[in-house]
Amino acid sequence: MAVPKFVSKFCQYMWNHYSKDGGKLLVHMGAAGWVLSSAAQIGMLLGDKSIDKKQKKFLLPQESADAAVNVVMYYSICELIKRGGDLLVEKGKFLTDEVVDLILKMKPSSMPVLKQKEWTKLFTKAELKQNLSFLLQNADNLNIVKNLSNTERTAVLDAAKEALKKFESHKNNVGIISAIAASVLACNIITPYVRNKLASKVQKKLQYKEDLAVRKQQITTNITMRNLLPKSFKSFNNYNSFSGIKI
């Protein structure tokens, strides 16, 4: 049985975008999960016939506000922390000894022996402003390969490829850990706090509108009057016993 074309395209898309960045997949799938769960909650509220229209009018804005906070806070927090982890790795601030050792294999024989903490000496100050993955992918443009023999140049480029492979694996692991940690932080600490604050404000605003509408209805129908006024006092019909006016 042949695989449908749209399935193969989807699989290829997922591979191209997430095969080397599992952390990004976790963030995007987590946000999608919040979107779907929020949509299901609102859909349930809309379709529940046991809830009258008046209650729905009160509950829908609150549920919508909760959904917006859940999705926006989750995605923004996770994306920010995940990108921060990626940046630390790309700038060489968070590397494993294994990655550093592979980078040091790029050292030309003309350079003195370097310690692990001296690996940055393989690059110029201008080059270090770039991401490390970019430098390893474009090792043939590095300053250290200039004036090298073809044999030694090939050895440096091969070492760069090996270092890049290990570097990408390390960056992927850091991204996954960052995404998981950010998800726990967003779902259990920050988002609930912000959601409760916002829900409280929305509830107070809706309650005020509801009370105002009820009050207007009471005044219009004179249900708060102790006794209805005679027709000769028609101009006073909009006043009620709570107004403090005595006749």
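Is Cys78 buried or exposed? Cys78 is buried, because its relative accessible area is 0%. The model in which this value was computed is a predicted one.

## Overall fold

The protein contains six helices and zero strands. Along the sequence, the order of elements reads α-α-α-α-α-α. One of these helices, H6, covers residues 150–221.

Of contacts between residues at least 6 apart in sequence, 62% join residues at least 24 apart.

## Burial and surface

The protein has 247 residues, and 30% of them count as buried. Its accessible surface is about 16,800 Å². Carbon and sulfur atoms account for 60% of that surface.

## Cysteines

The structure has zero disulfides. Cys78 takes part in no disulfide, and the nearest cysteine sulfur, that of Cys187, lies 6.5 Å away. A disulfide requires two cysteine sulfur atoms within 2.5 Å. The distance of 6.5 Å from the sulfur of Cys187 to that of Cys78, its closest cysteine sulfur, is therefore too far for a bond.

The burial of the two residues can be set side by side. Cys78 has a relative accessible area of 0% and is buried, whereas Cys187 has 28% and is partly exposed.

## Asn172 in helix H6

Asn172 is located in helix H6. Its relative accessibility is 17%, so Asn172 counts as buried; the limit for that class is under 20%.

Which residues does Asn172 contact, leaving aside its neighbours within four places in sequence? They are Lys20, Asp21, Gly22 and Gly23.

With a relative accessibility of 48%, Ile180 counts as partly exposed. This value is under the limit for the exposed class, which is over 50%.

Which residues make up the nonpolar surface patch that includes Ile180? Leu26, Ile180 and Val184 form it, with an area of about 260 Å². The residues of a patch need over 30% relative accessible area, and Ile180 has 48%.

Key:
Residues numbered from 1 in each chain as written. Predicted model: local features only at pLDDT ≥ 70, side-chain atom pairs only at ≥ 80, totals over all residues. Heavy atoms only, no water. Patch = residues over 30% accessible without salt bridge, like charges linked within 9 Å, V, L, I, M, F, W, Y side chains within 5 Å. Areas by Shrake-Rupley, 256 points an atom, 1.4 Å probe, with all protein chains shown as cover. Salt bridge = Lys/Arg side-chain N within 4 Å of Asp/Glu carboxyl O. Helix = DSSP H or I, 4+ residues; strand = E, 2+ residues; numbered from the N terminus. Buried < 20%, exposed > 50% of the residue type's maximum accessible area, 1.4 Å probe, protein only. Contact = heavy atoms within 4.5 Å.
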